[in-house]
Amino acid sequence: MSNRPAVFLLLPGILLVLAFYVLPIGEFLLGAIQWDTLADPAVRDRLTSDTVGRVFSVTLQISLLVSVIVTLLAVAIAYFINFHAGRWRRVILLTVLLSLWLSVLVRAFGLVAILRNNGLLNTLLLDLGLLDQPLALLRNMTGVIIGMVHYMLPIALLPLHAAFAGFDVTLIRSAQSMGAGESRTLLRIVLPVVSPAVIGVFLMSFVLCLGFYVTPAIMGGGRTVMVAEYISVQVQQLVAWSNAGVFSLVLLLGVALLFGLSLAFSRMARRRGGRGS
Amino acid sequence: MKSSVLRDAIEVARRRVALGTVDRRQFLAALGARGAAGALASLGGGKAEAAAKEIVFSMWGGGVGETAYAEAWGAPYTAETGIPVVITGDGPTGGKIRSQVETNSVIWDVCDQGIAAGGLAKAGLLRDLDYGVIDRDRALPEFTSDWGVTGYVFSSVLAFDRKALGDKVPSTWADFWDVEQFPGKRTLWKYMEGTLEAALLADGVAPEDLYPLDIDRAVAKIAALKDHLILWETAAESEQLLRDGEVTMGQIWNTRAQLLREETGGQLDYSFNQAVSQPGIWIVPKGNPAGDEVMPFIASMADPERQLLVLQTLGNGPANPETEALYTPELAAVSPSSSENMKLQVKVSPAWYADNYDEAFGKFFDAVAS
């Protein structure tokens, strides 16, 4: 590093993060795990049981699905807001952000009131004669996905909105002047330029989804247990802190790996000449 | 772990105040008297405060539960002995107790726990109670042990929706599992207590033969019901599921079932038949701040009138057999520990859960969670 003073300026911040974040988490995780018991086959069985596998795999599946849906929706909304909404721009943005500022519990219970069998949506559809049976949108994986998408959408929208807002409009005009229609402009000009932001948002959503607890607990009917809740049960109910530590460590390492990959990817993207996220 | 038996009881009492069946003045007076103590408790009484002569009693629930406990057990003891009793509704989970004892920073003298505390005892985290001071005969013996005396009783009962089920009234757990005769979804507690016994009874095991529980059989039976099952986490949720008609039957706590019955005039009803009777147990973590001073306090909580008061305000069944003589017919009908209701129920075995809770809960959670 050529800029020595800058390193010293960073030092307090680094020390703070080390002292109050890295060290305590490290001490807890590594201290809670009883490393000597890991050789015991009974303990190994408990840690690698079918259920643990299922919980992790359900978490990965749901996180992946939700991240894809959220990213697509956020891209669509951000594009619409910035290029088509005109006067409605602020209103739409505010509406989406408003839900972000509500408590997660309020939102989850609000969705429950709307989606349950005799809730708003089903009652409406039944009364209109469009359905014979209420839709099972709650207390199952569908409910969990709806709840998580609802929660993640505003969070994903903000960076994408920034990316689209800062978009160089002259690029679009150049494309149009060469005869490109809207969809071609979108596909060949707009998306490639914002793609680092899109990938970044996708990865961020994925990581956040991995840690979801409240929303799946409320909307899943208690039967779609994701890894965060599973760890919590190990800590609170079973007082099996070593297991909890192991699962937490695995989750943390997985996320760290993802970050490493995303950093590497964004560096690649920057070198290719796209706009950094 | 019963995360909300008492927190739920609070809501019960608050609702009763609203319904007019409990005197508001009692509550307000108790609140006023406790004002100072409450403020102290909410500051998170550290070791310094607790070292001064006072008893800190940790239970499940906020305001109303604390008030009810303070009125029934705290205030009379303070009046007799001059020692202040601080009731705090922060919820003494096993994890919290363990971390306090292991780091030598215990702030609670007596905790309201359940059968899951057997694991804490096995891990050496609890004090043996002083039965020279505490009268062991004044608490139900089935739930009392060296490390914990029965404080109160609650039941997991079969609650059902008369309107949804029509003239078919379920009365046994076999009915609960019978989705043909009794259509609709069911709800069970996410944290297992009460469900294994119900499952085995539904599967044809005689009440006398329940213990030691066949965990695999019980879990398989519950797993068979999975498609029709919603798990409730908090007591309020258990009520709401029945109220909203999302489920037609549920195994819920008697305190909430009684509330539902009062609220809906019997449309949502319940029965003590085959209900699973469980204890709230008073335990003392090792290294508690007040030391031996806590034992006379625990002994004082066995007083029948005080226990009856808690039954009236919160719905918890008295643990002292002497209360039997004080029941009115109405109270006896709704008390989970009155002799007429105890005859209908099965009792959990704290000794069995002390040895097997972890394995049972692990298997239960694994079966329902995925």
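**Figure 1. Salt bridge between Glu246(B) and Arg139(A) in the predicted model.** In this predicted model, Arg139(A) pairs with Glu246(B) in a salt bridge whose closest N and O atoms lie 3.1 Å apart. Side chains of opposite charge can pair when their charged atoms come close. Arg139(A) is also among the residues of chain A that lose the most area to chain B.

**Figure 2. Salt bridge between Arg139(A) and Glu237(B).** The side chain of Arg139(A) meets that of Glu237(B) in a salt bridge, with an N to O distance of 3.8 Å. This pair crosses between chains. Arg139(A) belongs to the loop between helix 6 and helix 7 (141-165) of chain A, whereas Glu237(B) is part of helix 11 (residues 235-243) of chain B. Over all chains, a search of the whole structure finds 22 salt bridges.

**Figure 3. Polar and charged pairing across the interface of chain A and chain B.** The rule finds 4 salt bridges across this interface, including the one that joins Glu246(B) to Arg139(A). It also finds 6 residue pairs in polar contact across the interface of chain A and chain B, both residues of each pair being at pLDDT 80 or more. On the side of chain A that touches chain B, the elements giving two or more residues are helix 3 (50-83) and helix 11 (227-236) of chain A. Helix 11 of chain A provides the largest share of that side, 5 residues. By class, the side of chain A that touches chain B comprises 8 nonpolar, 7 polar and 6 charged residues.

**Figure 4. Extent of the interface between chain A and chain B.** In this view, 21 residues of chain A are in contact with 27 residues of chain B. About 2,300 Å² of area is buried between chain A and chain B, and carbon and sulfur atoms give 51% of it. Within chain A, the residues that lose the most area to chain B are Arg139(A), Arg223(A) and Gln237(A), which together account for 30% of what that side buries.

**Figure 5. Packing of helix 5 of chain A with helix 6 of chain A.** Helix 5 (residues 104-115) and helix 6 (residues 120-127) of chain A pack at an angle of about 20°, and their axes are 4 Å apart. Because angles under 35 degrees count as roughly parallel, helix 5 of chain A is roughly parallel to helix 6 of chain A. Ala113(A), Ile114(A) and Leu115(A) of helix 5 meet Leu120(A), Leu121(A) and Asn122(A) of helix 6. By class, this contact of helix 5 with helix 6 of chain A has 5 nonpolar residues, 1 polar residue and no charged residues.

How values were computed:
Residues are numbered from 1 along each chain as its sequence is written. Chains are lettered from A and ligands numbered from 1 in the order in which they are written. This is a predicted model: local features need pLDDT of at least 70, side-chain atom pairs count only at pLDDT 80 or more; totals for chains, interfaces and linings use all residues. Side-chain values use heavy atoms; hydrogens and water are left out. Axes are lines fitted to C-alpha atoms, for helices over the stretch in contact, and angles run from 0 to 180 degrees between N-to-C directions. Angles under 35 degrees count as roughly parallel, over 145 as roughly antiparallel, 65 to 115 as roughly perpendicular and the rest as oblique. Contact means heavy atoms within 4.5 Å. Ala, Val, Leu, Ile, Met, Phe, Trp, Tyr, Cys and Pro count as nonpolar, Asp, Glu, Lys and Arg as charged, and the others, Gly among them, as polar. Buried area is the accessible area (1.4 Å probe) that two parts lose on being put together, summed over both. A polar contact is a pair of N or O atoms within 3.5 Å; within protein, one must be able to donate a hydrogen and the other to accept it, and residues adjacent in sequence count only if both atoms are side-chain atoms.
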